[in-house]
Amino acid sequence: MHRVKLILGMVFLLGWASSGLGADAAHHAGPPVAPAAPELYDLGKALGLPFPIPITNSMVYTWIIMAFLFLVIRLGTRNLKVMPTGLQNAIEMVVEGLEDMTKGLLEPKVVRWCFPLVATFFIFIVLSNLFGLLPLVGSLGWGARDTASSLPFALEHTDIPLLRPPTADANTTIAMALVYFIMSTIWAIKYNGVLGLVKHVFGVKGGLSGPIVIPLFFVFIFIGLIEVISILIRPVALAMRLYGNIYGGESVLTLMLGMGPKWMMGLAAVPFYFLELVVAFVQALVFTVLCIAFIGTLCSHTEDEGGHAH
């Protein structure tokens, strides 16, 4: 139960972080799905503030997903049993499975630090990806009316969708990557100490000693600089990989739904829906495992590096 509460706390912080990064309004001008999440409402203007507080459709869907997750956790943990059944059993299976995966890659102490974060990432990303495949997501909203249709609210194209998967918005994936980067840096300093972290990145590796260390020292300084660049690039790679895959999937589904005559009712998109179901879990797993692996490179030592700070 303590682990579940930690995960819920991380979900709240993640939702707050992603909702704080707004996007400008975007209208249909070519791409099937606007790269930027359209703005639905300017809260800052409504409150008379001198700065905008844009509310985008991805933020709205983030709040819906968070509410759904809180409701499921609440229903599954309100009557805890020693022998779990039903929803409690499903929740514990997911949490324990993620914990076992993390334990297999990191030291026990580091697992205690980072498990709530990486478990939150996986659960949130999976739900976001799957919720993005629900009917009306991306098609319900505002746009030019379809005069050829007899339906009263039919649109030629939805220029401003009401809902957008959070992971199809770069603001959300960047927020998650920034949370990872900040927390991994804190854990690296906590694990190694400041001087220990510098030695871990720039120090001579391989247990070498003697005069040969002098020329190799400058080699490992250069290698350390490359490692620093790599550490700084990691959050960019995490954010853009997830955003690119989910945004690309949304664009393909939108194109396929409009393919062929209207009597086909979007049947061309059916195979791609099955593909996106696989992508939903694969991308969540990739993001989570990469976070764990990156944390492991900073919070681990080879035998020649000796002890570390506690």
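Thr-102 touches Val-111, Cys-114, Phe-115, Val-118 and Ile-292, leaving out residues up to four places away in sequence; a contact here means heavy atoms within 4.5 Å. The residue is found in helix H4, where helices (H or I, at least four residues) and strands (E, at least two) are DSSP runs, numbered from the N terminus. Thr-102 is buried, with a relative accessible area of 0%. The term buried stands for under 20% relative accessible area, exposed for over 50%, and partly exposed for what lies in between, with a 1.4 Å probe and protein chains only.

The model is a predicted one, in which local features need pLDDT of at least 70 and side-chain atom pairs count only at pLDDT 80 or more, while totals for chains, interfaces and linings use all residues. Residues are numbered from 1 along each chain as its sequence is written, and side-chain values use heavy atoms, with hydrogens and water left out.

As for the overall fold, the secondary structure of the protein chain comes to 9 helices and 4 strands. Along the sequence these follow the pattern α-β-α-β-α-α-α-β-β-α-α-α-α. Of the 310 residues in the protein chain, 41% are buried. Among contacts in the protein chain with a separation of 6 or more, 68% are between residues 24 or more positions apart.

Helix H4 (residues 86–103) and helix H5 (residues 108–131) pack at an angle of about 125 degrees, with their axes 10 Å apart. Axes are lines fitted to C-alpha atoms, for helices over the stretch in contact, and angles run from 0 to 180 degrees between N-to-C directions. H4 and H5 are therefore oblique to each other, given that angles under 35 degrees count as roughly parallel, over 145 as roughly antiparallel, 65 to 115 as roughly perpendicular and the rest as oblique. H4 passes H5 in a right-handed crossing; a crossing is left-handed if the near helix is turned anticlockwise from the far one by less than a right angle, and right-handed if clockwise. On the H4 side, the contact is made by Val-94, Val-95, Leu-98, Glu-99, Thr-102 and Lys-103, and on the H5 side by Val-111, Cys-114, Phe-115, Val-118, Ala-119, Phe-122 and Ile-123. The residues of this contact of H4 with H5 divide into 10 nonpolar, 1 polar and 2 charged. In this scheme Ala, Val, Leu, Ile, Met, Phe, Trp, Tyr, Cys and Pro are nonpolar, Asp, Glu, Lys and Arg are charged, and the others, Gly among them, are polar.

Helix H3 (residues 57–77) and H4 pack at an angle of about 115 degrees, with their axes 7 Å apart. H3 passes H4 in a left-handed crossing. Val-72, Ile-73, Leu-75 and Gly-76 of H3 meet Leu-87, Gln-88 and Ile-91 of H4. By class, the contact of H3 with H4 has 5 nonpolar, 2 polar and no charged residues.

Turning to the aromatic residues, rings of Phe, Tyr and Trp (its six-membered ring) pair if their centres lie within 6.5 Å; planes under 30 degrees apart count as stacked, over 60 as edge-to-face and the rest as tilted. By this rule the count comes to 5 aromatic pairs. One of them, Tyr-180 with Phe-294, is tilted, at 6.2 Å centre to centre and 50 degrees between the planes. This pair links distant parts of the chain, with Tyr-180 in helix H6 (residues 170–192) and Phe-294 in helix H9, 114 residues apart. Tyr-180 is buried at 2% relative accessibility, and Phe-294 is buried with a relative accessible area of 17%. The rings of Tyr-243 and Tyr-247 have their centres 5.4 Å apart and their planes at 20 degrees, so this pair is stacked. Both tyrosines lie in helix H8 (residues 213–257), 4 residues apart, about one turn of the helix. Tyr-243 is buried at 13% relative accessible area, and Tyr-247 is buried at 16%. Elsewhere, Tyr-61, Phe-68 and Phe-131 form one aromatic cluster.

Gln-283 lies in helix H9 (residues 270–298) and is buried, with a relative accessible area of 10%. Beyond residues up to four places away in sequence, Gln-283 touches Asn-129, Arg-241, Leu-242, Asn-245 and Ile-246. Ile-53 lies in the loop between helix H2 (43–46) and strand E2 (54–56) and counts as partly exposed at 28% relative accessibility. Neighbours within four places aside, Ile-53 is in contact with Tyr-41, Asp-42, Leu-43 and Gly-44. Ile-53 and Tyr-41 are 12 residues apart in sequence and 8.3 Å apart in space, C-alpha to C-alpha.
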